[in-house]
Amino acid sequence: MARANRYYQPGLIWHITHRCHKREFLLKFIKDKQMWSRWVLASKRQFGLCILNYVITSNHIHLLILDRNQNADQTISRSLQLAAGRVAQEYNKRKKRSGAFWEDRYHATAIETGDHFINCLTYIDLNMVRAKVVGHPGDWPFGGYYELQQSRERFRNQLVDWRTLSLLLGIKSLESLRDARAEWVEKKCLAGKLERDAKWTENVAVGSREYTEKIMEKLGRKMKREEEQGGGTIYPLRGGGPA
């Protein structure tokens with residue numbers, strides 16, 4: 001059963017990463033990715049999960065989530081337990097397989113709003129470009145970028161809450177959101193910034209000094225921090241997430 005790491009705190013934006021068991025390619029086929037999408041959509045409808053971005057790879061998933069209510073910790077855990085559990089059940093039944101489908105724990109990294117949020121959003125968008133599977137995120141149909149730019153499905157059938165995402169980014173229209181996402185991706189591609197960056201998947205939090213100090217205060221413990229060269233971004237360190 002999917003469980004969060006012990007650092008979880010409510011009231012934040014979270015970058016969730018979850019691996020398949022032993023990094024096996026259990027989400028390799030289209031039907032498996034569609035199955036995951038279907039059950040996450042069911043979780044969204046049942047528990048009110050607020051999804052800001054996502055990408056499905058062949059052996060792990062990324063979810064960017066806003067916990068916007070008092071019981072957000074339960075919303076996230078219940079949503080992921082439902083989706084992960086049903087995906088595993090369906091897959092094992094279809095393949096006549098037994099055993100674990102997912103790694104025991106998913107990893108959650110708290111993300112500060114502003115530039116940190118935009119950079120994390122774009123990092124997720126570029127996952128399959130970074131893996132050299134596609135040349136542009138618009139070519140990968142199993143992610144939030146494609147859903148925004150290419151999909152013609154009704155909003156009620158989509159995973160991402162575009163209205164909440166626009167509000168967090170201070171963007172007023174869907175068209176402006178499309179333009180901004182395309183521009184952020186283009187800038188990273190032109191700058192050649194496509195390499196894996198472990199801070200988005202292996203830390204407790206990513207943000208300013210003030211933000212991470214608040215996270216450490218909530219946790220009630222001292223944690224190791226590093227300062228990004230040329231940046232001023234401070235973040236606690238934590239191991240364990242996928243790319």
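1. Helix 3 and helix 6 are oblique to each other in this predicted model. Helix 3 covers residues 115-125 and helix 6 covers residues 162-169. Because angles over 145 degrees are needed to count as roughly antiparallel, the pair is classed as oblique.

2. Helix 3 brings Phe 117, Ile 118 and Leu 121 to this contact, and helix 6 brings Leu 165, Leu 168 and Leu 169. By class, the residues of the contact of helix 3 with helix 6 are six nonpolar, no polar and no charged.

3. Asp 125 also belongs to helix 3. Its relative accessibility is 7%, so Asp 125 counts as buried; the cut-off for that class is under 20%. The Asp 125 side chain forms a polar contact with the side chain of Asn 53, at 3.0 Å.

4. Neighbours within four places in sequence aside, Asp 125 is in contact with Asn 53, Pro 137, Tyr 145, Arg 181 and Val 185.

5. Strand 3 runs over residues 50-56, and seven of its seven residues are buried, so the strand is largely enclosed by the rest of the structure.

6. Strand 3 pairs with strand 4 (residues 60-66) in the antiparallel sense, over six bridges. The two strands are joined by a hairpin of three residues. Within the pairing, Ile 56 stands opposite Ile 61 of strand 4.

Methods. Residues numbered from 1 in each chain as written. Predicted model: local features only at pLDDT ≥ 70, side-chain atom pairs only at ≥ 80, totals over all residues. Heavy atoms only, no water. Buried < 20%, exposed > 50% of the residue type's maximum accessible area, 1.4 Å probe, protein only. Helix = DSSP H or I, 4+ residues; strand = E, 2+ residues; numbered from the N terminus. Pairing = 2+ DSSP bridges. Axes fitted to C-alpha atoms, helices over the stretch in contact; angles between N-to-C directions. Parallel < 35°, antiparallel > 145°, perpendicular 65-115°, else oblique. Contact = heavy atoms within 4.5 Å. Nonpolar A, V, L, I, M, F, W, Y, C, P; charged D, E, K, R; others polar. Polar contact = N/O pair within 3.5 Å; in protein donor to acceptor, adjacent residues only side chain to side chain.
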